[in-house]
Amino acid sequence: MPVTTWKAGPHEAETVARLLVAFRDHLGYDWPSDNAFLAGVEKLIEDRDTEYLLAAPDADAPAAGVVQLRFRWGIWRAGGDCLIEDVFVAEEARGKGLARALLELATERALERGCRRMELDVNEANEAGRALYRSFGFRESTQDGGPRDLYLRRHLHDPGAA
């Protein structure tokens with residue numbers, strides 16, 4: 001049976017938060033708290049510039065994959081930007097095409113919203129993720145043989161945080 005994907009509604013905030021907490025745990029973090037994730041999802045799922053997409057291995061299975069999309073106007077592209085955040089598939093559902101299906105739906109959603117660019121960040125050691133993103137046309141460099149684009153981050157609450 002084919003993978004099922006859909007845009008999460010407000011009634012699915014707990015499902016989205018559960019998957020994001022699993023992602024946090026997979027990364028080895030213990031913060032933010034489960035309650036903070038749920039509160040954040042409940043807030044953002046109502047924001048017109050944020051969407052959560054869910055995926056299940058088939059129509060009868062519970063959601064096992066999630067992606068967060070953030071939309072904004074991009075002055076350098078004279079059009080919309082779509083930032084892909086938090087792509088995660090639960091370990092038991094990996095290898096079944098959920099991440100690919102989520103990215104396909106993310107691309108559809110970005111195009112429907114008039115986006116001209118999609119961006120994401122990925123850990124350099126995540127070879128499977130990088131290969132998937134390259135298969136969708138994401139580039140790791142500005143040009144062939146040129147320097148890599150770097151995604152920089154600064155945590156204002158804790159300058160030493162990762």
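# Reading features in a predicted model

Me: Which residues does Arg116 touch, not counting residues up to four places away in sequence?

Reply: This is a predicted model. In it, Arg116 touches Arg77, Ala78, Gly79 and Gly80, with residues up to four places away in sequence left out of the count.

Me: Where is Arg116 found, and is Arg116 buried or exposed?

Reply: Arg116 is found in strand 5, residues 115-120. Its relative accessibility is 59%, so Arg116 counts as exposed.

Me: How do I read a pair of packed helices?

Reply: Two packed helices are described by the angle between their axes and the distance between the axes. Here helix 1 (residues 13-26) and helix 2 (residues 34-44) pack with their axes 9 Å apart, at an angle of about 135 degrees. Helix 1 is therefore oblique to helix 2. On the helix 1 side, the contact is made by Ala13, Glu14, Val16, Ala17, Leu20, Val21 and Arg24; on the helix 2 side, by Asp34, Phe37, Leu38, Val41 and Glu42. The crossing of these helices, helix 1 and helix 2, is right-handed.

Me: What lies in the loop between helix 1 and helix 2?

Reply: Pro32 has its place there. The peptide bond joining Trp31 and Pro32 is cis, with omega about 0 degrees.

Me: At roughly what angle do helix 3 and helix 4 cross, and which residues meet?

Reply: The axes of helix 3 (residues 98-112) and helix 4 (residues 127-135) cross at roughly 35 degrees and come within 11 Å. This crossing of helix 3 and helix 4 is right-handed. Ala99, Arg100 and Leu103 in helix 3 meet Leu132, Tyr133 and Ser135 in helix 4.

Me: Where is the place of Gly97, and how far is Gly97 from Gly129?

Reply: Gly97 is in the loop between strand 4 and helix 3. The C-alpha atoms of Gly97 and Gly129 are separated by 12 Å, and the two residues are 32 residues apart along the chain. With 35% relative accessibility, Gly97 counts as partly exposed.

Me: How should I read a pair of aromatic rings?

Reply: A pair of aromatic rings is described by the distance of the centres and the angle of the planes. Rings pair if their centres lie within 6.5 Å, and planes over 60 degrees apart count as edge-to-face. By this rule there are 2 aromatic pairs. One of them is formed by Tyr133 and Phe138, at 6.2 Å centre to centre and 75 degrees between the planes, which is edge-to-face.

Me: Is Tyr133 buried or exposed, and is Phe138 buried or exposed?

Reply: Tyr133 has 9% relative accessibility, so Tyr133 counts as buried. Phe138, with a relative accessible area of 18%, is buried. The cut-off used is under 20% relative accessible area.

Me: Which residue lies over the face of Phe71?

Reply: Arg113 does, at 3.9 Å from the ring centre.

Methods
Residues are numbered from 1 along each chain as its sequence is written. This is a predicted model: local features need pLDDT of at least 70, side-chain atom pairs count only at pLDDT 80 or more; totals for chains, interfaces and linings use all residues. Side-chain values use heavy atoms; hydrogens and water are left out. Rings of Phe, Tyr and Trp (its six-membered ring) pair if their centres lie within 6.5 Å; planes under 30 degrees apart count as stacked, over 60 as edge-to-face and the rest as tilted. Buried means under 20% relative accessible area, exposed over 50%, partly exposed in between (1.4 Å probe, protein chains only). A charge sits over a ring if NZ of Lys or CZ of Arg is within 6 Å of the ring centre and within 35 degrees of the ring normal. Axes are lines fitted to C-alpha atoms, for helices over the stretch in contact, and angles run from 0 to 180 degrees between N-to-C directions. Helices (H or I, at least four residues) and strands (E, at least two) are DSSP runs, numbered from the N terminus. Angles under 35 degrees count as roughly parallel, over 145 as roughly antiparallel, 65 to 115 as roughly perpendicular and the rest as oblique. A crossing is left-handed if the near helix is turned anticlockwise from the far one by less than a right angle, and right-handed if clockwise. Contact means heavy atoms within 4.5 Å.
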